Amino acid sequence: MKKIGTQKNTIRLEAMDPVDIYGAGNRILEALCARYPALKVIARGNELMLEGSGPDMEDFEVKLNLLIEKRRHKMNLTTYDVEEICESMESPEKFRFNPGAPIVYGNDGKPISARNPNQQKMVSAYFDSDLIFAVGPAGTGKTYIAIALAVRALKNREIKRIILTRPAVEAGERLGFLPGDLKDKLDPYLQPLYDALGDMIPSKKLQEFMADGTIQIAPLAYMRGRTLDKACVILDEAQNTNLGQLKMFLTRMGMDAKFIVTGDASQIDLPNRNDSGLLKGIRLTEKLKGVSTIFFGSEDIVRHPLVSRIVKAFDKAEKESGN
């Protein structure tokens, strides 16, 4: 039975090899089709047969034509080209009031979006505030959503650069005893940030961004003395900063900048846990206009279900021991 409201249409690719648009293994076409889950698309040679709603088919054809035009000016298309075309056409205001919509699309074409109410609050806060604190246990997606928001802003040309930073706190091994140069010593601390970026930006493009300074990943100490304009700046693992370091970081904020601070107050690696400045900094700034704070709980964990139970078990033990 034909679904009510569905239509059919055929698009013919003229004077070009379909592989140039579909990509190897239809990867480019699949990335575009992922944006239209209700639209059925069948590729047969240089013809695309569509079945779905009229608006979906019209929008699909517009973006396909833009991809074709882009291909005329470059050797090969990538999934990043699909993202750039689709996201540049989305209205920031429309996205602002729909925090459950895709933030960006991963390299596999899958949408990256808020997966729980507090992640949605974090997305909304990004458009309402210039400084966001996101605090809660591991696995709640705080850093991942922060990086997704930053990547989206970069692709939409709302910012000129992304800066990701972490305090380099020794956790069992001292930096001086680790092999390699300074970068080799610090990379293990920064690897989770590389991993998140690698999910959202093609490897070659990510290397280009890092080479030209569009994306910078550095330890917190490297932030001193800088003024960060037109940037999205993310401080991860902020529970391992003292109040002075946190103040230094926050006062780097320049014009047209967004600052996101993430941390887990239950995982402090400082020798003296009372030195952590995260919660103190939140208390000092919570009443300031332009600041938002989101507290995540174990119920927000989006990793393996066992992780939530592990966090609850450890929290209970810490409360019982009085630590």
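Student: How many bridges join S1 to strand S3?
Tutor: Six, and the two strands run antiparallel. S3 covers residues 47-52. Strands are DSSP runs of E with at least two residues, helices are runs of H or I with at least four, and both are numbered from the N terminus. Two strands pair if DSSP finds at least two bridges between them.

Student: What is the bridge partner of Gln 7 in S3?
Tutor: Gly 52.

Student: Before we go on, where do these values come from?
Tutor: This is a predicted model, with local features needing pLDDT of at least 70 and side-chain atom pairs counting only at pLDDT 80 or more, while totals for chains, interfaces and linings use all residues. Residues are numbered from 1 along each chain as its sequence is written, and side-chain values use heavy atoms, leaving out hydrogens and water.

Student: Back to the sheet. What is the strand order?
Tutor: S1-S3-S2, in an open sheet with antiparallel pairing. S1 (7-12) and S2 (40-44) are the edge strands, each pairing on one side only.

Student: Which helix packs on it?
Tutor: Helix H3, residues 54-71, which touches S1, S2 and S3; contact means heavy atoms within 4.5 Å. The direction of H3 makes about 15 degrees with that of S1. Axes are lines fitted to C-alpha atoms, for helices over the stretch in contact, and angles run from 0 to 180 degrees between N-to-C directions.

Student: And the six-strand sheet, what order does that have?
Tutor: S8-S7-S9-S10-S6-S11, open, with parallel pairing. S8 and S11 (291-295) stand at the edges with a single partner strand each, so one side of each has no neighbour in the sheet.

Student: Which strands does H10 lie across?
Tutor: S6, S7, S9 and S10, and H10 runs at about 155 degrees to S10.

Student: Which residues of H10 are buried?
Tutor: Leu 246, Met 248, Phe 249 and Leu 250 are buried, meaning under 20% relative accessible area with a 1.4 Å probe, protein chains only. Their cover includes helix H11 (278-285).

Student: New topic: how many residues has the largest nonpolar core?
Tutor: It has 40, and Ile 147 and Leu 197 have the most contacts inside it. Such a core is a set of buried Ala, Val, Leu, Ile, Met, Phe, Trp, Tyr and Cys residues joined through side-chain atoms within 4.5 Å. Helix H7 gives the most to this core, with nine residues.

Student: What does Leu 197 touch?
Tutor: Ile 147, Val 151, Leu 164, Leu 206, Ile 215 and Ile 217, not counting residues up to four places away in sequence.

Conventions:
Buried means under 20% relative accessible area, exposed over 50%, partly exposed in between (1.4 Å probe, protein chains only).
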